[in-house]
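Hi everyone, thanks for coming. Today I'd like to walk you through a structure slowly, one chain at a time. Have a look at the picture first, and then we'll talk.

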Amino acid sequence: MKTIRGKLLITLCIAFQSCEMLDFVEYHPYDGHISGATGVNAANIARIEKSCRGKTVVRFAFMGDTQRHYDETEDFVNAVNARNDIDFVIHGGDIADFGLTREFEWMRDIMNELTVPYVVIIGNHDCLANGSEVFCKIFGDENFTFTAGATKFVCLNTNAIEYNYSHPVPDFSFIENQIDTNSSEYSKTVVAMHAPPFCEQFNNNIAKEFQNLIRNFPSLQFCLNAHEHNLTTKDHFDDGIIYYGTPSIDKRQYILFTLTPNGYDYEITEF
Amino acid sequence: MKLLNFRYLALVLLLLPARLFPQSDKLLPAHCQIQYAGGMGFVSAGIGWEYCKHWETDVFFGYLPRYSTKEAKGTFTLKENYIPWTKKMKGNYKIAPLTCGMYINSVLDDDFWISAPDKYPNMYYSFSTKLRFHFYVGQRVTYMMPPEKCSRIKSISVFYELSSNDLYVLSAIQNERLNLFDILRFSFGVKLGFVN
C-alpha cells in the first residue's frame with residue numbers, strides 16, 4: 001500500500017512539473033512567472049557591439065507598438081530575415097498591450113526569431129499593472145545604451161505619467177552619466193525613446209531641459225520615438241534635431257536607417 | 001467610488017442564493033474547496049453554496065507569490081458553476097461529465113485598477129487590469145461518504161478545469177499566431193461537501 005502511495009505521489013509531482021514546464025498551468029495573467037529567455041537586451045547588445053565593431057556604415061530597422069499585433073510582428077520578422085543588409089532592430093516600445101506577463105513572452109518569442117539582434121525600449125503599455133517589473137526581467141533596464149560602429153544609442157524610459165513621480169522619468173542622472181561614459185569610443189549619438197516630448201506621456205515641464213541635456217551628447221544625429229502610431233518627422237525644438245516617429249507595426253511599415261560617416265539616410269519600408 | 005460599486009455587486013451576488021432560499025440552513029456554505037492555478041493565484045481556497053440543483057456560487061481567496069514582480073499578492077474570486085447533469089457510478093461515486101462556468105478575479109493590489117485613474121486622458125486605457133473575466137469547462141468525480149460514517153464531511157470531489165480569460169481570447173481571435181494551447185490553462189482542485 002505504501003509503495004502505491006509513494007508511486008502516486010511521484011506521478012503527481014511529475015505531472016505538476018510537466019504541466020508547469022509546458023506552460024499549461026498559470027497562476028495569474030499578471031503573475032510575473034516567466035518562462036524562457038530573460039535579459040534579452042543585454043545578450044543582444046553584446047551581439048550588436050561585436051558585429052558592428054569597426055563598421056563605418058551601420059543599418060538598422062526601427063519599429064514599434066506591436067501591442068496585440070502578433071501576426072503583423074511575425075510578418076515583420078520574416079521580412080527582416082529575408083534581407084541581409086540590416087545589422088539590428090530597435091523596438092520602440094509597447095511590446096505588450098495590457099501588460100500581461102504572457103504578452104511579453106509571446107512577443108519575445110516572435111522577436112527571437114529574428115536572425116539579427118534586437119533591443120526593446122519600454123513603452124507606456126509595458127508599464128501597466130506590474131508590466132514594468134516583467135519587462136525589466138525579460139528585456140532589461142528601462143534606460144540603457146549601446147554602441148554600434150561609431151554611434152552610441154541612448155535608449156530612455158520617457159513614460160512619465162505611468163510612474164507618479166516614484167522615480168525620475170526621464171532620468172537626468174542616467175543621461176548625465178552617459179554623456180561622460182566611454183566618450184572616446186564613439187563620435188555620434190542617437191537618442192531613442194517610446195513617448196516623444198510634448199505628448200501626454202512625457203513630463204513636458206522639463207521637455208526643453210531634456211532637449212538641452214541630450215544635445216550635450218557628441219554629435220547628436222536625431223531622435224527616435226514610437227507611441228504615435230504614425231510616421232512623424234518633427235523638429236520639436238526648432239534646433240535641427242529631428243524626432244522620427246515610427247508607424248505602429250499594424251501599418252506594416254518600419255523605418256530603415258543607414259548611418260554613414262557623412263550623416264544618415266532613412267527610408268520607410270513596407271512589408 | 002467604482003471600487004465600492006464592485007464590492008457592493010460582489011456582496012449582492014454572494015447573498016443572492018440566500019435570498020432565493022430564505023431557510024436558515026441554506027445560508028450556510030454547502031462546501032469548501034481548494035484550487036491549484038487557474039488564473040486566481042498559485043493556490044486558492046474558499047467556500048460555496050449550492051442551489052437550484054445545477055448551480056453553485058463559490059468565493060475564493062488566492063495567494064500569488066511574487067515571482068519576478070516586486071511583491072506577493074492576494075486575489076479574490078467570485079465563481080459561478082453550472083453542472084448540467086451528474087451520473088451515479090458503482091460504489092459511492094458519482095461523476096459530472098461536464099462542469100462549466102465563469103469567474104471574476106480581482107487582484108488585491110494598488111497597482112491594479114478597475115478603470116484607468118483620473119491622471120490619464122479620457123478613454124486612454126479602456127480595460128481593467130484589476131478584474132479578469134475567466135470562463136472554463138471541466139469535469140468532476142465525487143465520492144459520497146457512506147451514511148453510517150456520520151461524518152460532517154458528506155462528500156469529497158476532485159475536479160479539473162480548462163480555462164481562459166477575456167484578454168487572451170480577444171488576442172487569439174485577432175491573431176492566427178496564437179492557438180488554443182497558448183490561451184487555455186489547466187487547473188485542478190478538491191472540494192469537501194457538507195450536505196447530502
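Before we count anything, one definition: a helix here is a DSSP run of H or I with at least four residues, a strand is a run of E with at least two, and both are numbered from the N terminus. Please also keep in mind that this is a predicted model.

Let's begin with chain A. How many helices and strands does chain A have? There are seven helices and eleven strands. Its radius of gyration is 20 Å, close to the 18 Å that the globule rule gives for 271 residues, so chain A is as compact as a globular protein of that length. If you draw a box along the principal axes, the C-alpha atoms of chain A fill roughly 80 × 45 × 35 Å. Of the 271 residues in chain A, 49% are buried. And if we take contacts in chain A between residues at least 6 apart in sequence, 75% of them join residues at least 24 apart.

Now zoom in on a sheet. In chain A, six strands form an open sheet with mixed pairing, and the order is 4-5-6-7-9-8. Which strands stand at the edges? They are strand 4 (144-148) and strand 8 (232-234) of chain A; each has a single partner strand, so one side of each is left without a neighbour in the sheet. From one strand to the next, the twist averages 20 degrees.

For an example in chain A, look at strand 5 (residues 151-156) and strand 6 (residues 188-193), which run parallel and are joined by six bridges. You can find one pairing yourself: L156(A) has M193(A), in strand 6 of chain A, as its bridge partner.

On to chain B. Here we have three helices and nine strands. Reading from the N terminus, the elements go α-β-β-β-β-β-β-β-β-α-α-β. Chain B has 196 residues, and 31% of them count as buried. For contacts in chain B with a separation of 6 or more, residues 24 or more positions apart account for 53%.

Finally, where do the chains meet? In the model, 31 residues of chain B are in contact with 28 residues of chain A. On the chain B side, the elements giving two or more residues are helix 2 (166-174) and strand 9 (185-193). Sorted by class, that side of chain B has 13 nonpolar, eleven polar and seven charged residues.

Notes. Residues are numbered from 1 along each chain as its sequence is written. Chains are lettered from A and ligands numbered from 1 in the order in which they are written. This is a predicted model: local features need pLDDT of at least 70, side-chain atom pairs count only at pLDDT 80 or more; totals for chains, interfaces and linings use all residues. The radius of gyration is taken over C-alpha atoms; the globule rule is 2.2 Å times the number of residues to the power 0.38. A residue is buried if 20 or more other C-beta atoms lie within 10 Å of its own, exposed if 12 or fewer, and partly exposed in between; C-beta atoms are placed from the backbone. Two residues are in contact if their C-beta atoms, placed from the backbone, lie within 7 Å. Ala, Val, Leu, Ile, Met, Phe, Trp, Tyr, Cys and Pro count as nonpolar, Asp, Glu, Lys and Arg as charged, and the others, Gly among them, as polar. Two strands pair if DSSP finds at least two bridges between them. Axes are lines fitted to C-alpha atoms, for helices over the stretch in contact, and angles run from 0 to 180 degrees between N-to-C directions.
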